[in-house]
Amino acid sequence: MTPTSPRARRLAGTLYAYAFLTDLVLLYPVYALLFADTGLSVGQISSLFVIWSLASIALEVPSGAWADATSRRRMLCLAPLCTAAGFALWILAPSYPAFAAGFVLWGAGGALASGATEALVFDELDRLGAADRYARVIGRARTAGTLGVLASIVLAAPVLAFGGYPAVGAASIAVCLLAAAVAVRFPEHHQATRPAGVASAPPGGLDVDRAVPRGVDRAASADLDADLAVPAVGRAAPTVVSGPADTVTAADPDGDELGWWQGLRAGVVEARGHRSVRRAVLLVAGVGAVWGALDEYTPLLARDTGVALTTVPLLLLIVTLGQVVGGLLAPVGQRFGSRGFALLLAGSALALAGGALSGHPAAFGLVAVAFCGLQLASVLADARLQARITGPGRATVTSLAGMATDLTIIVVYGGYGLVATVAGNRVAFAVAAVPYLLIAVALAIRPSDDRRPLASVGVARGG
């Protein structure tokens, strides 16, 4: 493991504060109540959620390309400002049009940060020779975000009692503004490669030196399996552009900026044309979407255990703590090879199905174990993707993975609704565990599995 430099610690600390603040939204636990108290029907509220999802999906990839073409730090500053503007609309003009516009702005904020965050963190750690710490840092950042959600749940009630919805909204806006201020502290030394022709390179010479990030043990990486190497044909050598936040842009070797359209094409080409990147994108979506959707239904599963309504939050707290632990276990998970990752998914799937089908409150401990494993698996899948991206469109490729996740979540919502309507929430949770078993089998039987650590392929290890 690469020793932690002061700059790496500053980057990590800024990320943790940013993740905590962006999820410390006091409107989270009460915005559905705000909508209902304004007079909206259940159908109208559901349509707002659809608008939110569609806005996020539509803006996900374009915003990633924008981050690659300009400044990722700028995207992280703009993201909470968009969200704050949406919340301001909700409080100042509570009505269906204002709620819809607010969700569009919230979706835009999420899209601006998605992709740009992971790309900035990985590239900055890579520049500092600490790319092997990415999974650890991102895992802790997700834990910080989960703690932000918990804090918002705890604080929402007293703030609501003190000043009603305006006070909750004002607190949420203030936190968003504080998150934007924290984002200014992110370092950024944008690295980009001009996509000459942006066409998928034909099979041929593999440039290992260009395919492996800084901090890589090149001797250990020389014998990587074929799907981890990226063809260097048609790619110019990287150019690092560093400087103040306001002047950092992606540049090519000739001094021209990497435009939005070029960056978008480069990211799409890499995600589609390089087998290892394509597999990693699909893995991120497959692992993150199912349990991400199930998280919305855990209150229903808890209620079906027969506990009192006041006990449901306690069962949900157990599940949330499982997610926290999962994020903190990222350094351990980095040692997993493909088969170890497959066992993690299979074990989580079995715990999920067993805990759901039991119907006993104590079995929610198994559900918490499952969410712990799936949180860890999501972090490792993200790290796997970042380790395989070598082109200029890192934020674009990561946003493609985010869009694929969002689309899959919508499919899971529909499937869950059908199964739960016919057989109940317990069976729906158990059926949702099946995709994880299928992914585990696919990973376990892959002939190219070389037993190296899954999330740190190509990254220096030691110490």
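**Exercise 1. Find which residues Ala141 touches, leaving out residues up to four places away in sequence, and decide whether Ala141 is buried or exposed.**

Solution. Step 1: apply the contact criterion, which is heavy atoms within 4.5 Å. Beyond residues up to four places away in sequence, Ala141 touches Leu15, Tyr16 and Ala19.

Step 1: note what kind of model this is. The model is predicted, so local features need pLDDT of at least 70 and side-chain atom pairs count only at pLDDT 80 or more, while totals for chains, interfaces and linings use all residues. Residues are numbered from 1 along each chain as its sequence is written, and side-chain values use heavy atoms, with hydrogens and water left out.

Step 2: Ala141 lies in helix α7, residues 134-183. Helices are DSSP runs (H or I, at least four residues), strands are runs of E (at least two), and both are numbered from the N terminus.

Step 3: compare the distances. Ala141 and Ala17 are 124 residues apart in sequence, and their C-alpha atoms are 8.3 Å apart in space.

Step 4: classify the accessibility. Buried means under 20% relative accessible area, exposed means over 50%, and partly exposed is in between (1.4 Å probe, protein chains only). Ala141 has 8% relative accessibility and therefore counts as buried.

**Exercise 2. Describe the packing of α4 against α7 and against α6.**

Solution. Axes are lines fitted to C-alpha atoms, for helices over the stretch in contact, and angles run from 0 to 180 degrees between N-to-C directions. Angles under 35 degrees count as roughly parallel, over 145 as roughly antiparallel, 65 to 115 as roughly perpendicular and the rest as oblique.

Step 1: take α4 and α7. Their axes are 8 Å apart and the angle is about 170°. The pair is therefore roughly antiparallel. Among the residues making this contact are Leu76, Phe87 and Ile91 of α4, and Tyr165, Ser172 and Ala183 of α7. By type, the contact residues are 16 nonpolar, three polar and one charged. Here Ala, Val, Leu, Ile, Met, Phe, Trp, Tyr, Cys and Pro count as nonpolar, Asp, Glu, Lys and Arg as charged, and the others, Gly among them, as polar.

Step 2: take α4 (residues 72-92) and α6 (residues 116-127). Their axes come within 9 Å and cross at roughly 140°. For this reason α4 is oblique to α6. The crossing is left-handed, a term for a near helix turned anticlockwise from the far one by less than a right angle, with clockwise giving right-handed. Arg72, Arg73, Met75 and Leu76 in α4 meet Ala116, Thr117, Ala119, Leu120 and Asp123 in α6. These divide into five nonpolar, one polar and three charged residues.

**Exercise 3. State how α11 and α19 are arranged.**

Solution. Step 1: the axes of α11 (residues 275-294) and α19 (residues 434-444) come within 10 Å and cross at roughly 155°. The two helices are therefore roughly antiparallel to each other.

Step 1: the crossing of α11 and α19 is left-handed. Leu283, Gly286, Val287, Val290 and Trp291 in α11 meet Pro435, Tyr436, Ile439 and Leu443 in α19. The residues of this contact are eight nonpolar, one polar and no charged.

**Exercise 4. Find where the pLDDT stays under 50.**

Solution. Step 1: pLDDT is the predictor's confidence in each residue, from 0 to 100. The protein averages 78, and 77% of the residues score at least 70.

Step 1: residues 192-257 stay under 50, and the model has 135 contacts beyond four places in sequence for them. Residues 454-463 are also below 50, with 37 contacts beyond near neighbours in sequence.

Step 2: where pLDDT is low, the predicted coordinates should not be read in detail.
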